[in-house]
Amino acid sequence: MQHSDYMKGRGAQYNAHNPYAATQYVQTHLEALDEPMLENSATEFLVEHARKIINVVPSPDIPMDYSLNAYQGCEHGCTYCYARTTHQYWGMSAGLDFERKIVVKENAPELLREELSKKSWDCKPIMLSGNTDCYQPAERKYGLTRKLLQVMLEFKQPVGIITKNSLVLRDIDILSEMAKHNLVRVVMSITTLDEEIRRAMEPRTSTAAQRLHAVARLTQAGVPVSVNIAPIVPGLTSDEVVAIMKAAAQAGAVSASYIMVRLNGTIGDIFTDWIRKTFPDRADKVLNQIAAAHGGSLSDSRFGTRMRGEGNLAESIRRLFQIARDKYMPAVVLPPLNTADFRRPRTDGQLSLF
């Protein structure tokens with residue numbers, strides 16, 4: 001039974017303190033000036049004129065060298081999202097602020113064009129998202145992801161996309177054209193097939209059925225799609241690994257991967273508050289099992305271990321995933337994304353011979 005103060009449509013249920021902030025707001029009583037702090041207010045979009053848009057990815061756990069995020073914060077509201085803590089660098093909270101105050105980098109397509117036009121640009125695949133979802137609800141209004149893909153197609157710049165929103169189908173025309181030149185991979189993240197859990201844990205994402213439909217449509221259009229079962233939450237979604245793998249294979253996904261949940265920094269407090277309000281009967285079991293997979297802690301920053309976990313529970317999930325993959329989705333080796341065809345469009349009016 002959900003807590004009486006539960007905010008429907010939001011993941012985080014409060015604004016966690018920003019450890020980088022010198023002051024913080026606190027609720028002292030319900031009946032006076034603090035009351036608006038409890039309201040589920042509308043999303044606010046903050047336009048930012050960015051100076052840089054492509055980031056180097058130093059992590060050995062991430063298969064791409066660069067990432068690009070046109071949005072900061074994410075209205076999807078996933079309670080476990082590792083990107084929540086990055087909102088703290090903007091002077092905001094990793095809690096409700098992360099999903100209600102979305103920073104929009106409106107000049108992202110122009111910055112991308114400038115970067116790709118430089119002679120110093122070393123063409124390697126760029127990961128769209130990686131921090132916040134490039135097809136989150138804000139994309140319907142601003143269309144930055146589509147504009148970025150148009151630039152990438154023009155330059156023949158390879159890209160990987162990670163999303164949990166079926167809005168990706170809006171750009172199937174660009175993606176299918178890029179796929180003809182082996183310039184794109186799409187990874188659809190699926191956490192659960194249980195709608196009750198999804199609505200509570202990922203309140204503004206597409207349903208699992210919509211995501212699987214997107215996998216099928218993209219596959220039919222010739223776009224290679226993988227599925228990431230992520231994150232696996234022990235005691236809550238860990239029993240769905242086989243079912244998700246089967247459904248993904250039937251939809252046409254060519255490969256699959258998984259990530260164990262980890263709750264670094266403030267995210268641990270946000271998730272703990274959420275699960276105690278939302279699934280109080282399972283809360284202790286879930287929290288204890290997450291900790292058991294990460295050396296006794298909810299958080300884990302160790303390269304090579306943080307995304308898979310360790311211990312008996314993590315090992316049993318790894319084996320279950322391998323068995324399901326071998327049964328429903330034998331490994332398909334895709335060629336590396338094409339970097340050989342990268343080109344800078346001529347700006348002097350002359351036509352290229354190639």
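Residues are numbered from 1 along each chain as its sequence is written, and side-chain values use heavy atoms, without hydrogens or water. Because the model is predicted, local features need pLDDT of at least 70 and side-chain atom pairs count only at pLDDT 80 or more, while totals for chains, interfaces and linings use all residues.

An open sheet is built from 7 strands in the order 2-3-6-7-8-9-10, with mixed pairing. Strands (E, at least two residues) and helices (H or I, at least four) are DSSP runs, numbered from the N terminus. Two strands pair if DSSP finds at least two bridges between them. Strand 2 (54-56) and strand 10 (255-260) each have a single partner strand, so one side of each lacks a neighbour in the sheet. Strand 7 (residues 159-163) pairs with strand 8 (residues 184-190) in the parallel sense, over 5 bridges. Here I161 stands opposite V186.

Helix 11 (residues 311-328) lies across strand 9 (225-232) and strand 10. The helix runs at about 170° to strand 10. Axes are lines fitted to C-alpha atoms, for helices over the stretch in contact (heavy atoms within 4.5 Å). Angles run from 0 to 180 degrees between N-to-C directions.

H76 sits in the loop between strand 4 (71-72) and helix 1 (96-100). H76 is buried, at 1% relative accessible area. Buried means under 20%, exposed over 50%, and partly exposed in between (1.4 Å probe, protein chains only). Not counting residues up to four places away in sequence, H76 touches residues including D133, Y135, K164 and E202.
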